[in-house]
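Take a walk through this model, starting from a single residue.

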Amino acid sequence: MSPAAPTASCTTDLAPLRARVAEIREQAHERFRSGRSGILVACFLSESLDGLLCELMEQAIAAWPEDRRNRARESGCLVAVGGTGRGEAAPYSDIDLLFLDRGTSESAFRDAASRMTQLCWDAGLELGHSVRTIRECLSLARQESQIATSLVEARGLWGDESQVARLKSAYRAKVVRPRLRAFIESCIAARSEDWGDQRPTALELTPDVKKSLGGQRDLHLIRWMTYALCGHPDLESLRLHGLLPREDIRRLRTAREYLTRIRLDLHFAAGRAQDVLTREDQLRLAAEGGYEGTAAQRPVEQFMQNYFRQSSAIAEITRRLIALERRPSLLRGLVNGFGTHRSDGVLLIRPQEIDVRPRNLPSVTQSVESMLKLFKSASLYGLLPSPRVMAAIKHAVPEKPAPLSAMEAATFRNILRSPKMVGPILRELFDCRLLDYVIPEISHTRCLLQFNQYHSYTVDEHTLRALETVAAFEQDEGPVGSAYRQIQRKDVLHLALLLHDIGKGYEEDHSELGCRIAETVAARLELSDDRRDQVMLLVREHLVMADLAMRRDFTDESLLVNFARQVGTPDTLRMLFVLTVADITAVGPGVFSSWKGDLLADLFDRAMMIVSGKRYSYLEESRMQAAKRHVAESIVPLDSHQDDHSWQRWIDRQLAGFSAYYLTCTPPHRIAADLDIIQHLQEGEIRVEGVFDRSAHAVDYRIIMKENVAAGCFHRITGALTAKRSEIISAEINTAVGGIVVDSFRVLDRDYSGEIPTERINEVSDAIRRVLTEDVPIEPLFQRTFRFGAFEKQGPGADLPLRVVVDNNSSDSRTILDVFAYDRPGLLYVVSKTLFELELSVDLAKIDTHFDQVVDVFYVTGNDGGKITDEARLRYIRDTLQTRLEEFDREERLG
C-alpha cells in the first residue's frame with residue numbers, strides 16, 4: 001500500500017470533513033468510557049468509518065454527469081483490506097484500502113479513486129492504498145507476503161462487489177491452495193518482519209500492543225493460518241478442525257478483548273496512533289484500573305503481570321500452532337524416517353526433534369518420572385521434544401505438586417548438568433509447567449514485572465535468558481569461558497542461576513529470601529549438604545561481585561580479602577563470576593559491555609589470587625614492576641644528559657604519587673604515555689586526549705594539567721561532557737607529585753550510533769578546555785542543549801527514594817558517598833558541583849546508570865587529604881547532597 005499523501009485540496013472545505021471524523025472518534029470514545037467491550041467499540045469504529053468512506057466515494061463523483069458516475073461504480077470496487085478488512089478499527093490507525101479496477105479502458109473509477117484519496121487526506125485519515133486489477137493483486141500476492149496477508153479478509157465497501165467475490169475466489173484458488181505450506185510460511189515471515197534483529201519475547205517491559213510477540217499481530221497470524229487451513233479466519237474453525245482445543249480458543253478470545261481495549265485506550269489517551277505501552281501509560285492504566293498494590297508489588301506491577309499473562313497466552317498458542325503446522329508431510333516423514341532411530345523402544349530420535357508414536361504417548365506421560373526421563377534423553381541427544389509431545393506433556397502435568405521421588409530428583413539434577421542444553425530444556429520445562437511441579441516456588445516468577453529502567457524483561461524471561469546465555473560460555477575464549485569450563489559442579493551453577501531472582505516480588509530483600517527458598521529447593525532435590533550450601537551462597541551473594549566491580553575500588557586489599565572470605569573456594573568464585581556475567585547479559589540488549597566484562601575479570605583475577613592462598617601484595621608488586629619497566633623502555637627523558645639512576649628516581653617519584661587504583665588498573669602503556677605528557681607539560685597548559693574504544697563503544701577522555709590551573713575541574717569537566725550529550729559511565733581523578741592532575745572520563749556519546757568521528761572527539765575536547773581555561777559558566781550550556789531538545793525526557797523508573805549513603809568503613813583512606821537517584825541529564829553535574837562547594841576532593845568516581853536507580857559512587861577526601869571522620873561534618877555533607885538532589889528532581893518533574 002502506498003502511504004504517500006496527495007497535495008492538499010484547494011476546493012474542499014476541510015472543516016466539515018474533519019469534524020465528521022472527530023465526531024466518529026468521540027462517539028467511539030463515549031462508548032469506550034461507558035464500559036462497552038473493546039471489540040464492540042472497534043467494530044463500531046469500523047462500521048462508522050466504512051459509512052464515511054462510502055460517502056466520500058459518492059462525494060468524489062458527485063459533480064460528474066450521471067452516466068460517468070454509473071461507469072465509475074461499475075468499473076471498479078472500493079475494498080477494505082488488511083486491518084480495515086478485519087472490521088476492528090483503532091481510533092487513529094491507518095485505513096487500508098484497495099481500489100480494485102476492472103482493468104478496462106474506462107478511466108472513471110481510477111479518477112474517482114484519485115479524488116476520493118484526496119478527500120480522505122483532507123479529512124485527516126491516514127491512508128495505505130493502492131489501485132490494482134485482480135491480475136495484479138494475484139501476481140503481487142505470490143511475490144510479497146504483506147500483500148498476500150492483506151487480502152485474507154478483504155471486504156467490498158462500494159462499487160461492483162462482484163469484483164470482490166471474483167478476487168477472493170481467484171485468490172484462494174491460485175495463491176493459497178496450490179502452495180498452502182508456502183503461503184503459511186509467508187504469513188509467518190510477514191509476522192517476523194515486525195521483530196527486527198532482536199529475538200522476540202512476549203515479556204518485554206514496554207511492549208508494542210500490536211507488534212510485540214504475544215500482541216495483536218500474533219492474533220492476526222492465527223487468523224491468516226486459520227483461513228489457509230480451514231477456509232475461514234474465524235477462530236472457531238480451528239476447534240472444529242481439531243487444531244486447537246476449546247480452552248485455547250477461550251484464552252485467545254479473552255486475550256483479544258483485553259489487548260483491543262488496551263490499544264483503544266492508548267489511542268484515545270494520546271489523541272493519535274499510539275501502540276507502545278509506555279511506562280507512563282502503565283502507571284496511568286494501573287491507577288485507572290483500580291489496582292491497589294501490596295507491600296511487595298506495586299499497582300503497576302500487578303497491572304503488567306496481568307498484561308503479560310494475556311500476551312504470553314497468545315504467544316504460547318501461536319508458537320504451538322506454528323509448530324503443529326510445520327509437522328513433516330507424509331513424504332518428508334518418510335525421508336526423515338531414514339535418519340530416525342529408537343531409544344528405550346519408545347522414543348523416536350529424529351534429525352531435528354525427539355518424537356513419540358501416538359500409541360506410546362501414554363507411557364511417556366504417565367508420570368512425572370517418565371516425563372523427566374524424556375527431557376533427560378533430550379539433553380543427551382541435544383534435541384527438543386516435538387510439539388505434539390510437548391502438548392501431551394503439558395496436558396499430563398499434575399495440577400498440584402507432590403514430594404519428588406528419589407528418581408525424579410536425580411533425573412532433574414542430571415538435566416541440570418548439561419552445558420549445551422540446560423537453557424533450552426529448562427525453557428521447555430517452564431512452558432509446559434513441569435518445572436513448576438519440580439520447583440513449585442518458580443510459579444511466583446511467571447510474568448512478574450520489575451518496574452525500573454534497568455530490566456528489559458520480566459523475572460521469568462530474564463532467568464531463562466540467563467540460563468541460555470551460559471551455553472555460549474562453553475565456546476567463549478575469554479576469561480568467563482575459561483572460568484565456566486573449569487567449573488566442576490555445573491549443576492550447582494545452573495540451579496543457582498535458575499533460583500537467583502526467585503525471591504523477587506516479595507516485601508523482603510530478594511537475595512536473602514531467595515537464599516532460604518534455595519535451601520527448601522535443595523532439600524526437595526535431595527542435594528548434598530555442600531552443594532546446598534554452594535547454591536545458597538550463590539543466590540544470596542549474586543549481586544555482590546557486580547557491586548564491587550562497578551561501585552567500589554576493588555584494589556583495596558581489605559575489601560578484596562573480605563570478598564574472598566565470603567566466597568571461600570576457587571570453584572565458588574568461578575561460579576559467582578559466571579553467574580554475574582550471565583545475570584547482567586540477560587538484563588537486556590546492550591547492557592553487558594566489554595568495559596563491564598573487563599572490570600569483572602580484573603576483580604575475578606585479584607580475588608582468585610587470594611582464595612588460592614597467594615599474597616595479594618604480590619600482584620600489586622608485579623604490576624608495579626611491569627609499569628616501571630614499560631615506562632623506562634617507552635619514553636625518553638626530557639633531559640638527554642640525565643643518567644639512568646636519576647631517571648629511574650624520577651619515574652619512582654611520579655608513580656609513588658598515584659593511587660593504587662590507577663597503578664593496577666591502568667595499562668602500562670597508558671601510564672608511560674601519561675608520564676611522557678607530564679614531563680613535557682608547560683605551565684598553564686591543559687592536555688586533553690580522546691580515544692574511541694571500539695569494543696566498548698565508548699570514548700576515553702584524559703585531562704592532564706596542574707591543579708592550580710582551574711578550581712573545581714571535576715564538576716566543570718562533568719558539565720562540559722553532559723552539555724555535549726555524553727553519558728559519563730566512569731571517572732577517575734588522580735593528583736600526583738607536584739600537583740599534577742590526571743583525570744580520565746569514560747563516556748557514551750548519545751549523538752552517534754557507530755564509530756565516533758575524530759571531529760566529534762576534538763569538538764568535545766575543545767569544550768573541556770574552554771570550561772577549564774575560560775571563565776565559561778556551565779549552566780547556559782545546559783540551557784542551550786535542553787532548548788534544542790538534545791536530551792530526551794526520561795520515563796518514570798522504579799519508585800525508590802532519593803538518598804545519600806555515607807560509607808566510612810569500606811576504605812581506610814577515603815570516605816565513600818553512594819548517591820541513589822534517577823538518571824537525568826545534569827544529575828552528575830549537580831552532584832559534583834555540590835561536592836566542590838562542600839570542599840571535598842573526589843579521588844575516584846564510579847557512575848552506574850544501569851540498576852534500579854542511578855548509583856553514583858564517590859571516593860572523597862577533605863582538605864587535609866584524608867577521610868572525613870567528624871560525625872557532624874558527615875551529616876552536613878549527607879543532608880546537603882540530599883537537599884540538592886530533591887531540589888533537582890523537583891525542578892525536573894515540574895519542567
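Ala767 sits in helix H36, which spans residues 758-773. The model is predicted, so each placement here is the predictor's. Is Ala767 buried or exposed? Its relative accessibility is 6%. Buried means under 20%, so Ala767 counts as buried.

What does Ala767 touch, once neighbours within four places in sequence are set aside? Its contacts are Ala720 and Lys724. Ala723 gives a further distance from this part of the chain. Ala767 and Ala723 are 44 residues apart in sequence. In space, their C-alpha atoms are 9.3 Å apart.

Next, confidence. The average pLDDT of the chain is 86. A score of at least 70 is reached by 90% of the residues. Two stretches call for caution. Over residues 2-11, pLDDT stays under 50. The model still has 16 contacts beyond four places in sequence for residues 2-11. Residues 330-339 also stay under 50 in pLDDT. For residues 330-339, the model has 7 contacts beyond four places in sequence.

Now the cysteines. How many disulfides does the model have? The count is 0, where a disulfide would need a pair of cysteine sulfur atoms within 2.5 Å. Cys120 has 0% relative accessibility, so it counts as buried. Cys447 is at 7% relative accessibility, and therefore counts as buried.

Conventions: Residues are numbered from 1 along each chain as its sequence is written. This is a predicted model: local features need pLDDT of at least 70, side-chain atom pairs count only at pLDDT 80 or more; totals for chains, interfaces and linings use all residues. Side-chain values use heavy atoms; hydrogens and water are left out. Helices (H or I, at least four residues) and strands (E, at least two) are DSSP runs, numbered from the N terminus. Buried means under 20% relative accessible area, exposed over 50%, partly exposed in between (1.4 Å probe, protein chains only). Contact means heavy atoms within 4.5 Å. pLDDT is the predictor's confidence in each residue, from 0 to 100.
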